[in-house]
Protein chains: 2
Amino acid sequence: MKKILPFSKEKVLGIIKKYPTPFHIYDEMAIRKNARRFLKAFSILEGFKEYFAVKATPNPYILKILHEEGFGVDCSSLPELLMSEKVGIRGEEIMFTSNDTPAIEYQKAKQLGAIINLDDISHIEFLEKATGIPNVICLRFNPGTARKGTDIIGKPEEAKYGLTREQIFEAYKILKSKGAKRFGLHTMIISNELNEDYFIETARMLFELAVEVYQKTGIKLEFINLGGGIGIPYKLEDKPVSYENIARGVKNAYNNIIVKNNLHPVKIFMECGRLITGTYGYLVTRVLHLKHTYKNFVGTDACMANLMRPAIYGAYHHVTVLGKENDPYNNVYDVTGSLCENNDKFAINRKLPEIERGDILVIHDAGAHGFAMGFNYNGKLRSAELLLREDGSVAQIRRAETVEDYFATLDFAGVKNFK
Amino acid sequence: MKKILPFSKEKVLGIIKKYPTPFHIYDEMAIRKNARRFLKAFSILEGFKEYFAVKATPNPYILKILHEEGFGVDCSSLPELLMSEKVGIRGEEIMFTSNDTPAIEYQKAKQLGAIINLDDISHIEFLEKATGIPNVICLRFNPGTARKGTDIIGKPEEAKYGLTREQIFEAYKILKSKGAKRFGLHTMIISNELNEDYFIETARMLFELAVEVYQKTGIKLEFINLGGGIGIPYKLEDKPVSYENIARGVKNAYNNIIVKNNLHPVKIFMECGRLITGTYGYLVTRVLHLKHTYKNFVGTDACMANLMRPAIYGAYHHVTVLGKENDPYNNVYDVTGSLCENNDKFAINRKLPEIERGDILVIHDAGAHGFAMGFNYNGKLRSAELLLREDGSVAQIRRAETVEDYFATLDFAGVKNFK
């Protein structure tokens, strides 16, 4: 899949005058268009709702844009709940999907009226004690060896998430007996998967389980959350999924299982993150150094603090040298960051045009799990996030960290007096 | 090696009343004793100086303690330089070892009078332009295929660090011609290595290179920095290195090469981090949940935000269940954090005593590259750092992050007005 940039080199040179590199920049128009295309495709499903996984791009401006487009949010922690609240997202527009959850997080989720998604049968008692059993409740299913996972999320039977099949039935009974009235079912067993059939298969599995839940407990589920995990085409040869194909496949499974078993209507939810913003965010960085030793290295002013996926997953991110798109790709480089950690490389043995000091590199597909995963190792500071607006203007939606931020939890006066 | 704790369960219960879990706690007495033992062993080497690698434990109290014990610091970035300056460490007590360095960092290092360690021959010109060539200068050597690396730091010939053999000779000549007067040589090619011979071999390699440097350039090196990378016994079966053995081996190599070639005196430096603090820091966390699905999971109130090594390196960290040290280790658990990332596990298939909700777990050897590598993924907040003083009192040396810290770079008023 060709990688097209929403900005020219000249545009970026203009942006850099105001906002120095490195920064993440998100393409608002592309995010909105994709969100509309996504919702349109899945609107053939009963009561469809997408809960954007905040962890992918935890920026309130992005949440606000997606909320305007009709998305809810999936939160995994108290700070994510608080961010959503500040953006004006409340009630059942929030799904709270956590694991190993502290009581305070359940209390906040309940206070916001969020749909609470329980990760374990033991959490029923824990939740009841923390805040009482809400009217609406969801359970996360882990199919165990019945399904395969991926490298990132692991095999379901080894994964820490969700309830087993038998626990699901028991948990619904307990929840019903404790006063819950409306029920949902959820799973999330894959990450960054491009095989459309996988998601249809997941829907079928959950629909069949819904039938069994009804048979064993008498509970008609109100909604089924198919989870997220749809991948994006990081590599040029990757083929993006067709939203329409997945939606049609899920619809067929719904008709064949839910409708046939007289369980219609069941609302269908999803919680995609990467698919919604990943492709439409870019890490823009400048070349500080060229180094020629046993290999050729391009040293940028970004590092793992800005994008960790290549270092920890060996993930591929496409790199464009701005203004040299049409030059021959005759040079082989490692594109590195400045961390004292050898895996701090954005690309290894990558064919690229000849690079000079000062060149601007765009690292693609950094719109999800990019800024979000940044750390401060080696005292590195996290960068700014910018938004390319539909009218071509640029808004700063998160300022870059400063040394003062890095020192915020330290008390240097105390150090001075320390004996 | 048996893992001994410097605190009892009762002591920790007392600490938790004031400082809720999770937190890192460092044992001041043990750090000081180890520092003294380390310096004593290596004092047989000419002009020995240890520059503590700030990145391992970037806390100003720890730096102050180590400085009191006679250590310098090795900094890798501007924030680390600034932290050292605030602690009162300046001049040649600082070694500045960076790579892919921005000009502003060289300027600050020069202003502080730090020893600048150049990572590449091209940095000579870059440094000259940024701030001028200082009197004292060091070069980082990369031996390429002549030496083997480790999984973490990679093969030297693929690593982004340092100058080749031929570049070393050329770089010294250029630096001399540009007015540098005092010269050092450095390497760092291994991480977390317990084989003593490896470090002696590294010293020998550098000493031989020093002879060659003299022969080819007429430059007598003033110091040689052997780097760090000495490992600690994470696993019970690991044998800690003997400081004395390494010091003796280096001394022999020095006599056989440096002295024999009439290059004596050359000062010997090191830049250990992990070895200095790693063993003496503990991550203390409470069990929030027990979960039994396809495996048995112990859910703690810590996560990758507090300690990332198991998740990204598959690293082993020993776990003690406080107060149950003598119970039978009859249960097999995955000890997990609360991140929506399946590799957020502190231990996998670990035999432990039977664990109950509320138990306190101590995760050992978290004193280096522990807090330092924490991120805010999933909106998780980084925890406090405490210091167990020699008199048994406990001082907070870094407060826990708050949601306000997490939101510090965001402008929610802007979000409200955002159209």
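Tutor: In this predicted model, buried residues make up 66% of the 419 residues in chain A.

Student: Why is B:Leu13 called partly exposed?

Tutor: Its relative accessible area is 34%. Buried would require under 20% and exposed over 50%, so B:Leu13 is partly exposed.

Student: Where does B:Leu13 lie, and which residues does B:Leu13 touch beyond four places away in sequence?

Tutor: B:Leu13 belongs to helix H1 of chain B, which covers residues 9-18. Its partners are B:Arg286 and B:Ile360, and each counts as a contact because heavy atoms lie within 4.5 Å. B:Leu322 lies 309 residues from B:Leu13 in sequence, with 10.0 Å between their C-alpha atoms.

Student: How do you know whether the radius of gyration of chain A agrees with that of a compact globule?

Tutor: For 419 residues, a compact globule would have a radius near 22 Å; chain A has 23 Å, so the two agree. The C-alpha atoms fill a box of roughly 70 × 60 × 45 Å along the principal axes.

Student: What share of the contacts in chain A joins residues at least 24 apart?

Tutor: The share is 69%, counted among contacts between residues at least 6 apart in sequence.

Student: How confident is the predictor in chain A?

Tutor: The average pLDDT of chain A is 96, and 99% of the residues score at least 70. For the model, ipTM is 0.96 and pTM is 0.97.

Conventions
Residues are numbered from 1 along each chain as its sequence is written. Chains are lettered from A and ligands numbered from 1 in the order in which they are written. This is a predicted model: local features need pLDDT of at least 70, side-chain atom pairs count only at pLDDT 80 or more; totals for chains, interfaces and linings use all residues. Side-chain values use heavy atoms; hydrogens and water are left out. The radius of gyration is taken over C-alpha atoms; the globule rule is 2.2 Å times the number of residues to the power 0.38. Buried means under 20% relative accessible area, exposed over 50%, partly exposed in between (1.4 Å probe, protein chains only). pLDDT is the predictor's confidence in each residue, from 0 to 100. Helices (H or I, at least four residues) and strands (E, at least two) are DSSP runs, numbered from the N terminus.
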